[in-house]
Amino acid sequence: MKRERLTHAQRREQTRERLLGAARKIFLKKGLAASVEDIAEAAGYTRGAFYSNFHGKPDLLLELLRRDHDSVLAKLQAIMVKGGTPAETKARAIAYYSRDSGDQDLFLLWVEAKLLACRDAWFQERFNAFRHEKLEQISAYVSRLSERDGRPLALQPDALALGLVSLCDGVQLSRMCDPETASDDVTRTVLAGFFSYVLWPQPEQMQQADHHAGVDDIRDKRPAR
C-alpha cells in the first residue's frame with residue numbers, strides 16, 4: 001500500500017512534536033543545562049531543524065508549559081461543569097489536586113521554569129503570564145463556587161487562589177524531596193484541610209474563627225502592665 005505523502009505543514013508539525021517529546025525527556029534528565037544538540041539528536045534531527053522550529057530552549061520550554069497549563073484549566077473547568085453538592089465538588093477537587101501533586105515529571109519542568117524566570121527577564125515576563133492566567137481562572141472558579149453554594153468565603157478569591165497554588169507547589173516539592181514524610185495520605189489530609197477550613201468552611205468554623213479574632217482584638221487593646 002502506497003504511503004500518503006505528508007504536506008509541508010504536516011511534516012513541520014511532526015518535527016515540532018518530536019522535538020517537544022525529546023526535550024521533555026532531556027530536560028527531566030539534565031535540566032536546562034541540556035544543549036540544543038542533545039535535544040535535536042534525541043529527536044533524530046539536526047541543530048538546524050531545531051532552530052527552524054524554535055528560537056531556543058526557553059521558547060521550547062514555554063510551549064511545554066503552555067500545553068500543561070491548558071490541560072490544567074480544562075480539568076478545572078470539568079470539575080465545575082459536573083456540578084453536584086458542595087461535598088461532591090470538594091471531593092473531586094481534592095482527588096484532582098492529589099493526583100496533580102503526584103505528577104513529578106511536569107512539576108520538575110515548572111521548577112526549571114521558575115529558576116529560569118528568576119534569571120531571565122524575557123522569560124520571566126512570558127512565564128508569569130501563565131501563572132497570572134492560572135490564578136485568575138482559579139479565583140473565578142472559587143467565586144462561582146461561593147455564589148452557587150451561597151456560602152461566604154473566608155478570604156478574597158485571589159488570596160485563596162494564591163494560597164491553593166502555593167500549597168500545592170509546596171506539597172509537590174516535599175513529595176519530591178521527602179516522599180516518606182509527604183505520603184499520599186498526608187497529601188490528601190493537607191488538601192482536605194485547606195478545602196474544609198479555608199475554601200469551604202462550615203458556618204460553625206467561621207463563627208469560631210470570628211470568636212478567636214474577637215478575643216485577639218480584645219487582648220491587643222489591653223493596656224500594657
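# A walk through an all-helix chain

Start by selecting α1 and colouring Thr15, Arg16, Leu19, Leu20, Ala22, Ala23, Ile26 and Phe27: in this predicted model they are buried, meaning under 20% relative accessible area, while exposed means over 50% and partly exposed lies in between (1.4 Å probe, protein chains only). An α-helix has 3.6 residues a turn, so residues three or four places apart point the same way.

Before moving on, a few words on how to read the model. Residues are numbered from 1 along each chain as its sequence is written, and side-chain values use heavy atoms, with hydrogens and water left out. Because this is a predicted model, local features need pLDDT of at least 70 and side-chain atom pairs count only at pLDDT 80 or more, whereas totals for chains, interfaces and linings use all residues.

**Stop 1: the ends of α1.** Helix α1 covers residues 8-30.

**Stop 2: the whole chain.** Now switch to a cartoon view. You will find 10 helices and zero strands; helices (H or I, at least four residues) and strands (E, at least two) are DSSP runs, numbered from the N terminus. Buried residues make up 36% of the 225 residues in the chain. The chain exposes about 13,800 Å², and carbon and sulfur atoms supply 53% of that area, by the Shrake-Rupley method with a 1.4 Å probe, where for residues only the protein chains shown count as cover.

**Stop 3: the largest core.** Select Phe27, Ile39, Leu60, Leu61, Leu65 and Phe123, which have the most contacts inside the largest nonpolar core, a group of 27 residues. A nonpolar core is a set of buried Ala, Val, Leu, Ile, Met, Phe, Trp, Tyr and Cys residues joined through side-chain atoms within 4.5 Å. Helices α1, α2 (36-43), α4 (57-82), α6 (104-119) and α7 (121-149) each supply at least two residues of this core. Why does the core lie between domain 1 (8-54) and domain 2 (58-204)? Both domains give residues to the core, so it lies between them; the bounds come from an automatic or database domain assignment.

Leaving aside neighbours within four places in sequence, Leu60 is in contact (heavy atoms within 4.5 Å) with Leu19, Leu20, Ala23, Phe27, Phe50 and Phe54.

Stop 4: An unreviewed UniProt entry annotates residues 35-54 as "DNA-binding region"; positions are in the numbering used here, feature names are shortened, and annotations may be inferred rather than shown by experiment. This stretch is 75% helix and 0% strand, with end C-alpha atoms 13 Å apart.

**Stop 5**

- Gly84 sits in the loop between α4 and α5 (86-100). Gly84 is partly exposed, with a relative accessible area of 48%.
- Lys90 belongs to helix α5. Is Lys90 buried or exposed? Lys90 is buried, at 18% relative accessible area. Its C-alpha atom is separated by 6.9 Å from that of Phe195, 105 residues apart along the chain.
- Leu106 is in helix α6 and is buried, at 17%. Leaving aside neighbours within four places in sequence, Leu106 is in contact with Arg24 and Asp68.
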